[in-house]
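Dear colleague,

Please find the structure below, handed over for your review. My notes on it follow.

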Amino acid sequence: TNGCARPTTGAPVQAMVSVGKCKCDHGWYGDACQYPTHCDLTKKKSNQMCKNSQDIICSNAGTCHCGRCKCDNSDGSGLVYGKFCECDDRECIDDETEEICGGHGKCYCGNCYCKAGWHGDKCEFQCDITPWESKRRCTSPDGKICSNRGTCVCGECTCHDVDPTGDWGDIHGDTCECDERDCRAVYDRYSDDFCSGHGQCNCGRCDCKAGWYGKKCEHPQSCTLSPEESIRKCQGSSDLPCSGRGKCECGKCTCYPPGDRRVYGKTCECDDRRCEDLDGVVCGGHGTCSCGRCICERGWFGKLCQHPRKCNMTEEQSKNLCESADGILCSGKGSCHCGKCICSAEEWYISGEFCDCDDRDCDKHDGLICTGNGICSCGNCECWDGWNGNACEIWLGSEYP
């Protein structure tokens, strides 16, 4: 294609190729003739289309032209690229050699991927042992490299530390074989107490105090129920005991966070935080919340009662607002109503202003998206107050709300 934009089926040809360069037709400009000289979008709408997942226009590494980002490459290097100029391969240049990844690796979106035997952010360090020996030293007793919880560099494991406040965090050991998270009951992750507060955690295993037993020391010996019966009572119809939002003791749930009346129910099945948007508005101000679901007022619909049933614009006006940068209506994954996209209900994970996001990209912990401590927004977890981490799995406060 000689670097020129390949038009989609039915699209007008925007350029002619001449000696590897594009000669743009009237009304188009850019290296690949991808920018129209006349724009029908308002500046606000254009900027909105240029925002990355952090709501930054062209990642502060380019300018927005009619809903498309033009990346800053004034030196002609082409090292800044991506739909939102999110990739900056200048980050891969070694300061001393001025080579990409020191000449010992390849750069992808600002990150170096080193050849065997080399490591470091810029592939600047060489291992003094063979790749085979490095792998052998990093192999955990279960046969996995760094227990699948870390990165092997020259025979030493760097564990994926999920606790930024601790000396080593939850994951440690020569081959990252110790995972203190295993000492937290799935249904007790809101508590700082390991082993349900009734035992000591040793390399991911609980040593229980007298009077308590169970994998997580969650079962009192005075309880007439067996651990299995206790969990069954706490689980009800949910996939997790206490719906993953509370602590189970002798068949009864205590919902977490303590004192938060928005989480309730016999098995903590109701979480009214699900009715709130990122600004904390309940059901868009057009409905009431019942057990984590919005009941909309007349004239409104949607998961958060965000869509009015009556529309004051023409169908053409509505569709113009629903078209994404590539000209496709709601990315082909939803329908357009009153200038807003309603994403397909059959595919629960599709979201975003133009149905262009996949919520399956949001990080999970304990099998729950955003650990139940935040909202998945366009593939990234937006954590509720007090929680942090890629999956909102880290509590930052000294005590719970």
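A residue counts as buried under 20% relative accessible area, exposed over 50%, and partly exposed in between (1.4 Å probe, protein chains only). By that criterion, 37% of the 401 residues of the protein are buried.

This is a predicted model, in which local features need pLDDT of at least 70 and side-chain atom pairs count only at pLDDT 80 or more, while totals for chains, interfaces and linings use all residues. Residues are numbered from 1 along each chain as its sequence is written, and side-chain values use heavy atoms, with hydrogens and water left out.

The protein has four helices and 38 strands; these are DSSP runs (helices H or I, at least four residues; strands E, at least two), numbered from the N terminus.

The structure holds 32 disulfides, a disulfide being a pair of cysteine sulfur atoms within 2.5 Å. Among them are the following:

- C183 and C201, with sulfur atoms 2.0 Å apart, form a right-handed link with 80 degrees about the S-S bond. C183 lies in the loop between β16 (178-179) and β17 (199-202), and C201 in strand β17, 18 residues apart. Both C183 and C201 are buried.
- C208 and C217, with sulfur atoms 2.1 Å apart, form a left-handed link with -95 degrees about the S-S bond. C208 is partly exposed at 31% relative accessible area, whereas C217 is buried at 0%.
- C255 and C268 are joined S to S at 2.2 Å, and their link is left-handed, with -100 degrees about the S-S bond. C255 is buried at 18% relative accessible area, and C268 is buried at 0%.

Yours sincerely
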